[in-house]
Amino acid sequence: MSIVTSGPAVSSRALGVLLDSWRASSSPGYAALADRIRLLVLDGRLSVGTRLPSERDLATHLGVSRTTVAAAYAALRDAGHVTSLRGSGSVVRLPDQARAARVARSAGEDDVLDFTKAAMPAVDGIAEAAQRAAGRLGAYLSEPGYDTVGRPVLREAIAARYRARGLETSADQIVVTLGAQHAIALLARVLVGRGDRAVVETPGYPHAFEALRAAGARLAPVSVTVDDGWDESALLQTLRRTSPPVAYLMPDFHNPTGATMPEAQRVRVLEAAADEGTIVIADETMAELVVGGPRGASFAGAVAGAGAGAGAGAGAAARPLPMAAFGPAVTIGSVGKSLWGGLRIGWIRAERPLVERLVRARSAGDLGTPVLEQLIVADLLGDMDGVLEARSRQLRHGRDRLVAGLRSTFPGWSVPSPAGGLTTWVGLGAPVSSQLVLAARRHGLLLAAGPMFGVDGAFERFLRVPFSYPDDETDRALAALAAAWDGIDGVQAPRGALMAEVV
């Protein structure tokens, strides 16, 4: 028997923003509405425990009959995504595993491809590094093992990596965390007060939005696009108008657009932030994942003019300088993208007073980072240039294959070929991202819809597609996308050859 626990409520107006173009379907109204709410649950935009609006309120706001909303809620209850009890309303939940398996089988999703994650398999050598680290673990077993700042050997290895990238750094400027997401949440908890403004990019990293909101922040979004990068005028105006305590930016191979902020712009942004007392949090989890292609001004060294892919990723000189090299900034990094997501190691680079505040505050949320994983990462960081060169080759091949396949199969789409990162931010030419993602699920492909990367929905014309997967999975994903696109109402267009014909 399930117990209904009701968390925060979503208003009809807020849910209407998230639903956006839900009616762009030939399905019956109740089915289209249920499908869109189901997607909001599956991709996390509606969290488990959220209480949905009453049938009457939502029907009034959407301009549909109460019968339509009642039927949609009933369909969601049948699928296990909503529980309704008298007096508690309708509350978001996730289906139990048995029911989810039945739904997956009925939809032909026994062998699904999960492209919601922009990630790579483990780099070669992790198992060997783990064995070496285990051999050194004995030296630490006489200690309690609760480590809220990080082992000196790893802090020094991270600091050395910054120095190799052109930013003087000492080990006592580093706090080791449980990945980049933990770093964002810890910084938000220390730096943001309830009701404070926090500048963020839109589209942007949805888990950063969640962490800042959980700390009580009100988000102030600033636009980033594939072609033009950051809306500098809006960014500077927002800083001056709101004087926020923090601004969260991803200046290198931005997720999801792939944009990189030019050097001169970094200087201007950091100067404006300093004038307002704003701490810029620069998320550099993608910074060293150079793929190749036109080089922006933010790259260190004289690399302009190199051809697409020529020497990309070869050495520190071909990678962006850290944001903090241009002015006061706190930086976040991790090995989840470069080494393996299974190594939950990240870090914060900050000045010593902030490091001390972070360490004092951390024990309220966790008791430290595992020692063995720290020793593994410290071992692997010794050959980081070699690791990144191998990753660059992998990603360049994956990007070129995916981009060629998408452009061939969907000539009406706008498919960028980013110079770094793990994904391409595809323009669909129509506001059908959520529809397409739902249709793709029925063909065994899980994707993150464009609105997931917006502060308040939007981006229905975009889709984030990772190029970090093996060839066979990329090919299967393209075939599933093609089949899904053919089923989208009113937007079918002639398509080119499928990826099977692309070398």
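Helices and strands are DSSP runs, numbered from the N terminus. In these terms, Pro203 is found in the loop between strand 5 (197–202) and helix 9 (206–214). The model is a predicted one. The peptide bond that leads from Thr202 into Pro203 is cis, with omega near 0 degrees. A cis bond also joins Asn255 and Pro256, where omega is about 20 degrees. Pro256 lies in the loop between strand 8 (246–249) and helix 11 (263–276).

Phe253 lies in the loop between strand 8 and helix 11. Its phi is near 50 degrees, a positive value in a residue other than glycine. Phe253 counts as buried, because its relative accessibility is 2% and the cut-off for buried is under 20%. Ser243 also has a positive phi, of about 45 degrees, although it is not a glycine. Ser243 sits in the loop between helix 10 (232–242) and strand 8. With a relative accessible area of 36%, Ser243 is partly exposed.

The overall make-up of the protein comes next. Its secondary structure comes to 16 helices and 15 strands. The protein has 503 residues, of which 53% count as buried. Among contacts with a separation of 6 or more, 73% are between residues 24 or more positions apart.

Two packed helices are described by the angle between their axes and the distance between the axes. Helix 3 (residues 55–62) packs against helix 4 (residues 66–79) at an angle of about 120 degrees, and the axes are 8 Å apart. That angle makes helix 3 oblique to helix 4. Their crossing is right-handed. On the helix 3 side, the contact involves Glu55, Arg56, Leu58 and Ala59; on the helix 4 side, Arg66, Val69, Ala70 and Tyr73. By class, these residues divide into five nonpolar, no polar and three charged.

Helix 7 (residues 152–164) and helix 13 (residues 371–380) form another pair. Their packing angle is about 35 degrees, and their axes are 9 Å apart. Helix 7 passes helix 13 in a left-handed crossing. Val153, Leu154 and Ala157 in helix 7 meet Gln374, Leu375, Val377 and Ala378 in helix 13. The residues of this contact comprise six nonpolar, one polar and no charged.

The remaining pair is helix 8 (residues 180–191) with helix 12 (residues 352–362). Their axes come within 10 Å and cross at roughly 100 degrees. Helix 8 is therefore roughly perpendicular to helix 12. From helix 8, the contact draws on His182, Leu186, Leu187, Arg189, Val190 and Leu191. From helix 12 come Leu354, Arg357, Leu358, Ala361 and Arg362. The contact has seven nonpolar, one polar and three charged residues.

Val330 is found in strand 10. At 6% relative accessibility, Val330 counts as buried. Apart from neighbours within four places in sequence, Val330 is in contact with residues including Leu187, Ile279, Val280, Ile281, Ala282 and Leu354. Ile348 is another of its contacts. Val330 and Ile348 are 18 residues apart along the chain, and 7.1 Å separates their C-alpha atoms. Thr331 also has its place in strand 10. Thr331 is buried, with a relative accessible area of 0%. Its side chain makes a polar contact with the side chain of Tyr162, at 3.0 Å. With neighbours within four places in sequence left aside, the contacts of Thr331 are Tyr162, Ala282, Glu284, Ala324, Trp347, Ile348 and Arg349.

Ser338 lies in the loop between strand 10 (330–334) and strand 11 (346–349). Ser338 is buried, with a relative accessible area of 8%. Beyond neighbours within four places in sequence, Ser338 is in contact with Val123, Leu289, Met384, Val387, Leu388 and Arg391.

Leu39 gives an example of a contact across the sequence. Leu39 is found in helix 2 (residues 29–42). Its relative accessible area is 3%, and Leu39 is buried. Not counting residues up to four places away in sequence, Leu39 touches Arg45, Ser434, Val437, Leu438 and Ala449. Leu39 and Ala449 are 410 residues apart in sequence, yet 8.8 Å apart in space, C-alpha to C-alpha.

Technical notes. Residues numbered from 1 in each chain as written. Predicted model: local features only at pLDDT ≥ 70, side-chain atom pairs only at ≥ 80, totals over all residues. Heavy atoms only, no water. Axes fitted to C-alpha atoms, helices over the stretch in contact; angles between N-to-C directions. Helix = DSSP H or I, 4+ residues; strand = E, 2+ residues; numbered from the N terminus. Parallel < 35°, antiparallel > 145°, perpendicular 65-115°, else oblique. Left-handed = near helix turned anticlockwise from the far one by under 90°. Contact = heavy atoms within 4.5 Å. Nonpolar A, V, L, I, M, F, W, Y, C, P; charged D, E, K, R; others polar. Buried < 20%, exposed > 50% of the residue type's maximum accessible area, 1.4 Å probe, protein only. Polar contact = N/O pair within 3.5 Å; in protein donor to acceptor, adjacent residues only side chain to side chain.
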